[in-house]
Amino acid sequence: MPTAQKTALPAGLNLVPDALTPEQEAALLASCARCDLKCYENDPDNPRSRKSFGWQYDIPKDRFVQSDPMPEDFREILGIVARFAEVETDDIIDCMVIHY
C-alpha cells in the first residue's frame with residue numbers, strides 16, 4: 001500500500017496520491033454515478049446532492065437512522081480505506097457520496 005506523503009497539510013490530514021489505481025478510481029466513479037443522489041430536502045437552494053449508506057442524520061427527527069447498506073461495488077475501496085485507517089473493513093459502518 002502506498003504511504004502517506006509528508007507535506008504541509010493540516011494536522012491529522014494525510015495525502016495518499018496513489019491509493020487507488022486508475023482502474024480502481026474509474027470503477028469507484030462509475031459506482032458513485034449509479035448511486036441515487038438526492039439534493040438536501042431541508043435546504044432546497046443547496047446544489048449539492050448526496051446519498052448516505054449505513055447511517056444518516058435525519059434532520060427533522062434530530063437523530064441518526066439506518067440507511068441503505070453500502071453497495072457491494074464499494075467493498076474493494078473499503079478494504080483500502082480500512083488498511084490505511086488500520087481498522088477492519090467491517091468497522092467502517094457508513095459513508096456518504098456527495099456531488100458538488
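Student: In what order do the elements of the protein chain run from the N terminus on?
Tutor: The model is predicted, and its protein chain has two helices and five strands. Along the principal axes, the C-alpha trace of this chain spans about 40 × 30 × 25 Å. Read from the N terminus on, the elements follow the order α-β-β-β-β-α-β.

Student: Which residue in β2 is the bridge partner of Lys-38?
Tutor: Strands β1 and β2, the latter covering residues 49-53, run antiparallel and are joined by two bridges. Within this pairing, the residue of β2 that partners Lys-38 in a bridge is Arg-50.

Student: Which residues does Ile-92 touch, not counting residues up to four places away in sequence?
Tutor: Ile-92 belongs to the largest nonpolar core, which has eight residues, including Cys-35, Phe-53 and Val-97. Of the 100 residues of the protein chain, 24% count as buried. When residues up to four places away in sequence are left out, those touched by Ile-92 are Met-70, Leu-78, Val-81, Ala-82 and Val-87.

Student: At what distance does the side chain of Ser-67 reach the backbone oxygen of Ser-52?
Tutor: Ser-67 is found in the loop between β4 (63-66) and α2 (75-85). Leaving aside neighbours within four places in sequence, Ser-67 is in contact with Ser-52, Phe-53, Gly-54, Trp-55 and Gln-56. For Ser-52, the backbone oxygen is reached by the side chain of Ser-67 at 3.3 Å.

Student: Which strand gives the most to the lining of the largest pocket?
Tutor: The largest pocket holds about 330 Å³ of space, and 18 residues line it, with Glu-41, Arg-50, Ser-52, Gln-56 and Tyr-57 lying nearest its centre. At least two residues of this lining come from each of β2, β3 (55-58) and β5. With four residues, the strand that gives the most to the lining is β3.

Student: Among contacts between residues at least 6 apart in sequence, what percentage join residues at least 24 apart?
Tutor: The contacts considered here are those in the protein chain between residues at least 6 apart in sequence. Among these, the share that joins residues at least 24 apart is 41%.

How values were computed. Residues numbered from 1 in each chain as written. Predicted model: local features only at pLDDT ≥ 70, side-chain atom pairs only at ≥ 80, totals over all residues. Heavy atoms only, no water. Core = buried A, V, L, I, M, F, W, Y, C linked by side-chain atoms within 4.5 Å. Buried < 20%, exposed > 50% of the residue type's maximum accessible area, 1.4 Å probe, protein only. Contact = heavy atoms within 4.5 Å. Pairing = 2+ DSSP bridges. Polar contact = N/O pair within 3.5 Å; in protein donor to acceptor, adjacent residues only side chain to side chain. 1 Å grid on protein atoms, 1.4 Å probe; cavity = no way out; pocket = protein on both sides within 12 Å on 5 of 7 lines; lining within 4 Å. Points joined across faces, edges and corners; volume = space filled by probe spheres on them.
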